[in-house]
Amino acid sequence: MDKDHAGTMIEAQGLAKRYGRTQALAGVDFSVPAGTILGLLGPNGAGKTTAVRILTTLARPDAGRATVAGVDVVTHPEQVRRHIGVAGQEATLDPLLTGRQNLQIIGELSGMGRAASRTRAGELLEQFDLNQAADRVSKGYSGGMRRRLDLAASLMTRPPVLFLDEPTTGLDPTGRQRTWDVVGALRDEGVTVLLTTQYLEEADALADRIVVIDHGTVIAEGTAQELKAASGTAHVELTLAEPHPGAVDVIAPLVAGPVHTGADPRHLNASVNATSGLASALVRALDDAGALVDTIEVRRPSLDDVFIALTGTHTTDVPDAAEADGGEESRHAGADDDLEVRA
Ligand code: ATP
């Protein structure tokens with residue numbers, strides 16, 4: 001690892017990639033500090049997988065430069081591969097091998113040695129709750145089990161940098177939460193993670209910083225809080241114990257737009273700047289004016305609001321359990337024009 005880059009584990013500068021007439025990436029910059037999770041958020045076709053493929057040495061950029069652990073991904077791909085784990089597309093799994101064999105082979109091919117591979121495989125099978133299925137061929141695993149095995153495979157060599165390409169697509173809520181717990185624990189151990197996702201909720205739950213990409217371009221960047229704050233207004237809704245003639249004038253100076261009263265005159269709502277302590281200030285002002293407050297809710301903008309503000313479209317919501325598990329098979333299999341043989 002290049003010591004000059006010890007603080008930044010992943011760096012992308014001006015990455016561009018075209019597939020035929022599709023500009024998959026049109027000059028993307030971001031960096032990921034060591035021991036943090038970057039969420040690369042964007043809708044279908046935004047360019048997330050292309051960015052991951054370049055950073056994991058599976059595709060070459062047409063322009064731009066990228067380093068992982070301080071090592072250039074184009075000039076020293078083998079060295080990069082020694083630092084990284086990649087999960088998400090289940091590309092590394094052999095369906096005809098058992099879960100345990102899959103993990104052991106990956107360890108041995110990575111030069112871990114037989115005994116160490118066996119021990120590490122056992123640990124991961126336990127950690128990912130795959131013990132019961134460990135000696136069955138992975139072809140028969142459920143979608144959720146395959147995803148867990150895939151994630152376990154990426155962790156065999158204890159890589160300091162982990163790329164997770166849509167790790168919870170198609171998982172049910174329990175599987176998703178389990179994956180989030182594992183990824184959070186890895187970050188706590190100091191692993192640097194780049195995670196692509198279409199799910200706002202996932203980026204919100206896991207990522208220290210979020211880069212939003214659309215049509216191959218970064219359209220926003222920040223923490224979930226910063227992105228939400230930048231997307232504009234939050235909203236307050238409150239209900240008074242009794243209608244109060246002065247209530248609108250009392251709260252008007254504290255809110256960001258006109259105060260609306262509902263069909264029930266006890267209900268008031270308004271746009272607000274989502275500042276800390278706002279609910280207290282509103283309740284105190286109303287209380288001082290003799291208007292008792294029964295309920296108050298300040299609804300801050302969600303990341304979905306952010307995405308709509310930025311792109312004018314919704315991104316995908318977390319799927320229902322009904323369509324989960326096994327829904328989504330490897331969408332990027334085949335058709336690759338630039339796949340380099342992995343070491
Ligand atoms: P998804 O969430 O659907 O996986 P994504 O954000 O990962 O989307 P990419 O897979 O990077 O997006 O694709 C970006 C664009 O490049 C898309 O329009 C896609 O069709 C195109 N593309 C990606 N890989 C190839 C390829 N090998 N050949 C041709 N076009 C490709």
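User: What do the buried residues of α10 pack against?

Analyst: The buried residues of α10 pack against β11, α9 (247-251), β13 and β14. This is a predicted model, in which local features need pLDDT of at least 70, side-chain atom pairs count only at pLDDT 80 or more, and totals for chains, interfaces and linings use all residues. Residues are numbered from 1 along each chain as its sequence is written, and side-chain values use heavy atoms, with hydrogens and water left out. Helices (H or I, at least four residues) and strands (E, at least two) are DSSP runs, numbered from the N terminus.

User: Why is M9 called buried?

Analyst: Buried means under 20% relative accessible area, exposed over 50%, and partly exposed in between, with a 1.4 Å probe and protein chains only. The relative accessible area of M9 is 5%, so M9 is buried. M9 is found in strand β1 (residues 8-19). The C-alpha atoms of M9 and P33 are separated by 5.7 Å, although the two residues are 24 apart along the chain.

User: What makes the buried residues of α10 line one face of the helix?

Analyst: These residues are L278, L282 and L286. The arc is that of the directions from the helix axis to the C-beta atoms. Seen down the axis of α10, the buried residues fall within an arc of 65 degrees, so they line one face. On the other side of α10, R284 and D288 are exposed. An α-helix has 3.6 residues a turn, so residues three or four places apart point the same way. Just after α10, G290 takes a positive phi of about 85 degrees.

User: What makes the buried residues of α11 line one face of that helix?

Analyst: In α11 (residues 303-311), L303, D304, V306 and F307 are buried. Their arc, seen down the axis of α11, is 155 degrees, so they too line one face. Their cover includes α7 (200-206), β9 (209-214) and α8 (224-230), where contact means heavy atoms within 4.5 Å.

User: Why are β11 and β13 described as paired strands?

Analyst: Two strands pair if DSSP finds at least two bridges between them. Strand β11 (residues 234-240) is joined to β13 by 6 bridges, and the two run antiparallel, with V236 standing opposite A270 in β13. Strand β12 (residues 260-261) is joined to β13 by 2 bridges, also antiparallel; a hairpin links β12 to β13 through 5 residues.

User: What makes β12 and β14 the edge strands of their sheet?

Analyst: The open sheet of 4 strands has the order β12-β13-β11-β14, with antiparallel pairing. Both β12 and β14 (293-299) pair on one side only. Helix α10 (residues 278-288) packs on this sheet, touching β11, β13 and β14, and its direction makes about 150 degrees with that of β14. Axes are lines fitted to C-alpha atoms, for helices over the stretch in contact, and angles run from 0 to 180 degrees between N-to-C directions.

User: Why is a group of residues called a nonpolar core?

Analyst: Such a core is a set of buried Ala, Val, Leu, Ile, Met, Phe, Trp, Tyr and Cys residues joined through side-chain atoms within 4.5 Å. The largest one has 42 residues, of which L103, F128, L164, V193, I210 and L303 touch the most other members. Helix α5 (residues 143-154) gives the largest share, 5 residues. A second, separate core of 28 residues includes L25, F30, V52 and I84.

User: Where is the pLDDT below 50?

Analyst: The pLDDT is the predictor's confidence in each residue, from 0 to 100. Its mean over the protein chain is 85, and 87% of the residues reach 70 or more. It is below 50 over residues 1-5, a stretch with 6 contacts beyond near neighbours in sequence. It is also below 50 over residues 317-343, where the model has 50 such contacts.
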